[in-house]
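Please look over the model shown here before reading on. The paragraphs that follow lead through its helices, its cores and a few backbone details.

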Amino acid sequence: MPPNTSMRAAAIAHHLFFGEFIDYLTKTAATKPAPFSRDAVLGHHERARGAFSRCYRRFVEENAVTVVIPLDTVEVVRNTFFLTQLHRWMRELPATLVVLSGRPAADRSDAIKEIFADNESKLRTVTVTVTGFTDAEAGRFLTDSDISPDLSPALIQALVSLTNGHPLWLELAVDYLRKFDLPPELEEPSPHDDELRDRFRRRMVTPFRSADFWPEAIKRLAVVRHSVDEDIWRAIMADRALPPEYRGDWGLAWETLRTQPWVRRVPTDAT
């Protein structure tokens, strides 16, 4: 987050009942470091968590609000100590809905489900499994798209089969067909096997394999598993020169990136 954004966020947090917590962190940062010890570190964390909890409770009680906290890609903390800390932290937050989103475990054992299913956790949980579209839903998605006048019922059925109804592959297929001729995989008779589906999906991302600046930028972002701001994005693209029309203006390029359909914007000005 850029420095000016950090200062604005701190000012807002201080105003919204979190003065005690911000003041404690500021005072601690300004204090001359003492020799580290386990007890000193634990004591600091306990005091910081206590200050935050008091501020948080005061905020939700005086404003009579329910706070919603989304946490994405939580599978990266599965089987880690941080998951235990996260669970403890969630138990201390009143009037709060925490939405954990992540990929399912590869095997039947799932530490995330197990820790929240524990009767002693005292957290009410609901598990929602998100899957692809059904064949009928995928067909309606294609019928409602702007390329539907060019799609026969047979083509729609083939696209549903080759994408397996996955929303991402459906959207990529629609975008591909807006610009290019029908791929040869669509001419293959059904039933389609996994090898054909894999060839089709590789073709759908072909436009992003170019060495041009923007396709390369999208490709590099695709493997980043957390939100990024302008500084992080510039670091990711540090070895590439901007296209000539930007005249070295990375701020303008950042705004262009944020308008791309493949980029999800979040309220905190991160991408």
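Helix axes are lines fitted to C-alpha atoms over the stretch in contact, and the angle between two of them runs from 0 to 180 degrees between N-to-C directions. This is a predicted model, in which local features need pLDDT of at least 70 and side-chain atom pairs count only at pLDDT 80 or more, while totals for chains, interfaces and linings use all residues. Residues are numbered from 1 along each chain as its sequence is written, and side-chain values use heavy atoms, with hydrogens and water left out.

Secondary structure is taken from DSSP runs numbered from the N terminus, with helices (H or I) of at least four residues and strands (E) of at least two. On that basis the chain has eleven helices and two strands. Their order along the sequence is α-α-β-α-β-α-α-α-α-α-α-α-α. A residue is called buried under 20% relative accessible area, exposed over 50% and partly exposed in between, with a 1.4 Å probe and protein chains only. Of the 271 residues of the chain, 34% are buried. A contact means heavy atoms within 4.5 Å. Among contacts between residues at least 6 apart in sequence, 64% join residues at least 24 apart.

Where do the nonpolar residues gather? A nonpolar core is a set of buried Ala, Val, Leu, Ile, Met, Phe, Trp, Tyr and Cys residues joined through side-chain atoms within 4.5 Å. The largest such core has 22 residues, and Y56, V67, I69, L83 and F116 have the most contacts inside it. Two or more residues each come from α1 (3-30), α2, β1 (67-71), α3 (81-91) and α4 (111-117). The element that gives the most is α2, with six residues. Beyond residues up to four places away in sequence, Y56 touches F18, V67, I69, L93, P94 and T96. A second, separate core has 21 residues, including L155, V174, L177 and L196.

Helix α2 spans residues 38-63 and holds A51. With a relative accessible area of 3%, A51 is buried. Apart from residues up to four places away in sequence, A51 touches E20 and F21. A51 and F21 are 30 residues apart in sequence, yet their C-alpha atoms are 5.1 Å apart in space.

The next topic is a pair of helices. Two packed helices are described by the angle between their axes and the distance between the axes. Here the axes of α6 (residues 153-163) and α8 (residues 194-204) come within 9 Å and cross at roughly 95°. That makes α6 roughly perpendicular to α8, a label for angles of 65 to 115 degrees; angles under 35 count as roughly parallel, over 145 as roughly antiparallel and the rest as oblique. From α6, L159, S161, L162 and T163 meet L196, R197, F200 and R201 of α8. The residues of this contact divide into four nonpolar, two polar and two charged. In this grouping Ala, Val, Leu, Ile, Met, Phe, Trp, Tyr, Cys and Pro count as nonpolar, Asp, Glu, Lys and Arg as charged, and the others, Gly among them, as polar.

S145 is in the loop between α5 (135-143) and α6, and is buried at a relative accessible area of 13%. D110 lies in the loop between β2 (96-100) and α4, and is buried at 10%.

The backbone itself comes last. Most residues other than glycine have a negative phi, and most peptide bonds are trans. The peptide bond from S190 to P191 is cis, with omega near 0°, and P191 is in the loop between α7 (167-179) and α8. A95, in the loop between α3 and β2, has a positive phi near 50° and is partly exposed at 39% relative accessibility. R247 has a positive phi of about 50°. R247 is in the loop between α10 (230-236) and α11 (250-258) and is exposed, at 78% relative accessibility.
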